[in-house]
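The sequence and structure come before the text.

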Amino acid sequence: MVVTTPFGFTVVSNRISLRPFNKQFHVNTLNSSNSHQFHQKPRQASFPLNCSFYSNLFPLSSKPTKKRADLLSSPKCSISSKASSESHNPILNYLGNISFDSIKATVLQLTPIDIAKWSGLACIIIAATKWTVNMLFSPFFWMYLSWTWLFWPWIVAIMLAVYGLYCFRKHLLGEANIFEQLVIVTSVFTWLTLVPPAHFNGYLEGWPFVFFFVYHYFFFINVSIRKRLYGDYYARTHDPKWDVNLPVGYRLLFSAGVMVSHWLAAFEGPELHRIPGGRSNFGIWALIILALLLQYNATLYLAKYSEKVVVPTAVVQFGPYRWIRHPIYSSTMLLFVTYCLALRAPLSLMFIVAVCLLYYKQKAELEEALMVETFGQSYTEYASKVRYKFIPFVH
């Protein structure tokens with residue numbers, strides 16, 4: 001039998017020569033009285049060969065050997081079924097095991113906090129990449145012709161929108177998983193914050209990228225609250241009477257108004273490269289942080305005094321509810337206002353405030369009527385003490 005070993009050695013007479021481990025040797029064993037001959041055969045069987053040594057078990061020669069030779073034992077070989085040509089490179093094995101299902105499973109395990117961290121890292125990478133490219137090319141090139149716009153926008157945005165509509169249909173049927181819900185949010189924010197400024201400027205930089213990731217984190221805050229309270233991200237079944245929604249027509253008009261306001265802001269604002277940076281944006285960053293904190297604290301206090309997050313068990317009078325009666329709606333309006341301020345679009349700012357006030361005012365009236373029906377005088381006293389619904393000292 002011929003055996004090929006990947007870490008071979010040669011046996012000649014009574015001498016053993018250890019060669020480099022990437023060599024191979026061929027062994028032909030013939031059963032004879034006191035001799036073993038070695039030569040090549042035309043047919044070869046390749047196996048990994050594991051050898052251990054035992055004295056006087058496999059003598060190499062019939063001639064008597066010196067006592068010193070007893071220290072070197074004869075090889076005992078075991079043969080495995082794997083071929084020696086198989087690669088044992090861990091990097092190649094890892095790359096070979098990557099599949100779409102494994103990537104999807106990894107994405108499904110991401111928490112909102114992980115998404116926020118990776119989004120921040122992506123912002124840093126994008127900023128560093130843009131700075132490097134601007135060092136290599138003239139600023140005039142990026143003003144009139146951008147490689148960013150040539151490679152990503154319309155094809156990727158349209159494909160994402162189509163897939164987002166498919167996922168939204170599954171969501172309406174109650175069949176969308178976490179990954180598909182994330183696709184819905186991503187496609188919406190792409191067409192709100194990325195596509196409009198790219199369309200009117202021919203490229204992307206600055207605030208559109210920032211708000212794309214801020215919007216993502218903002219609208220996943222309630223998921224973080226669920227994780228904090230229950231240890232997972234899934235909504236609980238609750239009394240449907242607390243699903244306070246206006247008719248479908250009003251909701252569609254509100255969604256259209258939000259979309260139009262973002263496109264108007266991209267159209268009204270100056271070119272992205274003309275928007276000043278540095279200290280002039282300190283107030284905008286302060287408003288972003290205020291909107292995030294207001295949303296988080298309002299949702300957290302509401303959840304503490306509710307069953308299954310959405311069914312209140314008492315009138316909440318703590319946190320942001322000490323100053324306004326509907327701080328969650330106020331935080332959403334504040335975020336939209338901050339976007340218009342960042343793009344230097346005051347007319348769009350007034351338009352989005354009007355759209356939000358008209359919609360949220362009607363929704364708040366329905367909610368307050370339900371609260372009065374449920375808690376009676378307790379909510380009436382709270383409403384008389386906290387007079388402002390959305391904007392402190394204003395409305």
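## A buried glutamine

Gln295 counts as buried because its relative accessibility is 8%, buried meaning under 20% relative accessible area, exposed over 50% and partly exposed in between, with a 1.4 Å probe and protein chains only. Gln295 sits in helix α11; helices (H or I, at least four residues) and strands (E, at least two) are DSSP runs, numbered from the N terminus. With neighbours within four places in sequence left aside, Gln295 is in contact with Phe218, Ile221, Ile328, Ser331 and Thr332, contact meaning heavy atoms within 4.5 Å.

## Basis of the model

The model is predicted: local features need pLDDT of at least 70, side-chain atom pairs count only at pLDDT 80 or more, and totals for chains, interfaces and linings use all residues. Residues are numbered from 1 along each chain as its sequence is written, and side-chain values use heavy atoms, with hydrogens and water left out.

## Overall figures

The protein has 14 helices and 9 strands. Of its 395 residues, 35% count as buried. Among contacts with a separation of 6 or more, 70% are between residues 24 or more positions apart.

The accessible surface of the protein is about 24,700 Å², and carbon and sulfur atoms hold 64% of that area. Accessible areas come from the Shrake-Rupley method with a 1.4 Å probe; for residues, only the protein chains shown count as cover.

## Nonpolar cores

In soluble globular proteins, nonpolar side chains tend to be buried together. A nonpolar core is here a set of buried Ala, Val, Leu, Ile, Met, Phe, Trp, Tyr and Cys residues joined through side-chain atoms within 4.5 Å. The largest such core has 53 residues, and Trp207, Phe211, Tyr215 and Tyr360 have the most contacts inside it. At least two residues of this core come from each of α7 (178-201), α8 (207-218), α9 (221-230), α10 (248-268), α11 (282-304), α12 (327-342) and α13 (346-375).

Which residues does Tyr215 contact, leaving aside neighbours within four places in sequence? They are Phe189, Leu192, Thr193, His262, Leu335, Phe336 and Tyr339.

## Salt bridges

The structure holds 3 salt bridges, each a side-chain nitrogen of Lys or Arg within 4 Å of a carboxyl oxygen of Asp or Glu. In one of them, Glu180 pairs with Lys170, with the closest N and O atoms 2.9 Å apart. Glu180 lies in helix α7 and Lys170 in helix α6 (residues 153-172), 10 residues apart. Both Glu180 and Lys170 are buried.

Arg325, Glu368 and Lys389 are linked in a network of salt bridges. The closest N and O atoms are 3.0 Å apart between Arg325 and Glu368, and 4.0 Å apart between Glu368 and Lys389. Arg325 is in the loop between β9 (311-312) and α12, 43 residues from Glu368 in helix α13. Lys389 is in the segment after α14 (377-385), 21 residues from Glu368. Arg325 and Glu368 are buried, and Lys389 is buried as well.

## A nonpolar surface patch

Leu110, Trp118, Leu121 and Ile125 make a nonpolar surface patch of about 390 Å². Patches are made of residues with over 30% relative accessible area and no salt bridge: like charges are joined within 9 Å, and nonpolar side chains (Val, Leu, Ile, Met, Phe, Trp, Tyr) within 5 Å. Leu110 is placed in the loop between α2 (100-108) and α3 (112-136). With a relative accessible area of 30%, Leu110 is partly exposed.
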